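Here's a quick briefing to read with the model open beside you.

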Amino acid sequence: MMNQTSVTEFLLLGVTDIQVLQPVLFVVFLAIYSLSLSGNGAILMVVISDPRLHSPMYFFLGNLSCLDICYSTVTLPKMLENLLSTHRAISFLGCMSQLHFFHFLGSTEAMLVPVMAFDRFVAICKPLHYSLIMNHQVCIQMAVTVWIFGFFHALLHSVMTSRLNFCGSNHIHHFFCDVKPLLKLACGDTELNQWLLNNVTGTFAMGSFFLILLSYFYIIIYLFFKTHSCSMLHKALSTCASHFIVVILLFGPIVFIYIRPASGSSMDQDWIVAIMYSVVTPVLNPLIYTLRNKEVKGALRRVIRRRL
């Protein structure tokens with residue numbers, strides 16, 4: 001990824017230029033980051049250490065927690081540093097690296113969630129064939145596939161963005177390096193980059209979203225016609241609803257930022273929405289996926305007892 005311009009660094013303007021608010025925001029985002037690391041780290045620890053959780057559902061949940069730890073680490077430490085510093089520069093290579101890993105981890109998570117929905121579909125609708133369909137080898141292959149696809153999807157955007165000509169301002173109106181803010185700084189033709197962002201990213205997002213909807217639709221239809229227990233139906237629908245909240249929080253902002261036309265874009269709106277999926281969602285995922293999960297809570301209690 002070679003820079004064809006004289007720009008050697010960018011300045012991240014961050015979420016606010018009001019100095020009084022910056023220490024307050026630092027404390028808030030530091031608390032959120034700490035919660036994200038501890039919550040996802042706890043899930044990852046119990047999934048690895050507890051043999052009772054060595055099943056496809058928890059294997060994918062562990063992948064999600066690992067992604068959320070890395071995902072928030074790509075943007076939040078730099079944001080926290082900039083909230084306490086007057087020098088908010090990031091090198092050209094550092095900017096492209098941050099862009100790459102942000103899209104790598106984000107697109108991997110966007111493809112992992114439908115895999116988790118499919119796992120639930122097989123477990124509920126095909127229980128007798130579950131161990132055959134979702135065997136260990138298949139789970140590994142599915143996880144590796146989404147990580148590889150996510151990497152190359154991000155590589156496409158990072159390479160294409162790095163080849164743009166930056167000859168004007170180097171002030172990025174965002175708290176991290178992303179494609180859209182950088183396209184606004186480019187001097188040359190960005191039509192291809194914008195097309196890739198709208199169509200390739202749009203296809204990834206909407207395809208994943210459709211597969212999730214399809215899985216949950218079949219689960220609900222199956223339970224409605226096959227389950228005669230109202231309590232079981234209510235419990236399953238409640239679980240699906242909580243998982244669907246994660247889906248909305250993840251895919252809603254992606255559609256808002258990356259798929260809508262650039263002409264309708266506001267950078268202030270973009271960074272507010274970006275906080276939702278890059279900062280808030282990694283904190284909510286462990287709560288939503290495990291709050292009513294007796295097996296994970298039991299595993300956490302066993303780990304705590306062993307360490308006391």
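Over residues 20-46 the chain is 96% helix and 0% strand, with the end C-alpha atoms 41 Å apart. This is a predicted model, where local features need pLDDT of at least 70 and side-chain atom pairs count only at pLDDT 80 or more, while totals for chains, interfaces and linings use all residues. Residues are numbered from 1 along each chain as its sequence is written, and side-chain values use heavy atoms, leaving out hydrogens and water.

**Annotated stretches**
- An unreviewed UniProt entry puts "transmembrane region" at residues 20-46, 100-118, 138-156, 204-225, 237-259 and 271-291.
- Residues 204-225 come out as 100% helix and 0% strand, and their end C-alpha atoms sit 32 Å apart. Helices here are DSSP runs (H or I, at least four residues), and strands are E runs of at least two.

**Helix pair**
- The axes of α2 (residues 56-83) and α3 (residues 92-125) come within 9 Å and cross at roughly 160 degrees; axes are lines fitted to C-alpha atoms over the stretch in contact, with angles from 0 to 180 degrees between N-to-C directions.
- That makes α2 and α3 roughly antiparallel to each other (angles over 145 degrees count as such).

**Sheet**
- Three strands form an open sheet in the order β2-β1-β3, with mixed pairing; strands pair if DSSP finds at least two bridges between them.
- The edge strands, β2 (89-91) and β3 (171-172), each pair on one side only.
- β1 (residues 9-12) pairs with β3 in the parallel sense over two bridges, and Leu12 stands opposite Ile172 in β3.

Key. Angles under 35 degrees count as roughly parallel, over 145 as roughly antiparallel, 65 to 115 as roughly perpendicular and the rest as oblique. UniProt positions are given in the numbering used here, feature names are shortened, and annotations may be inferred rather than shown by experiment.
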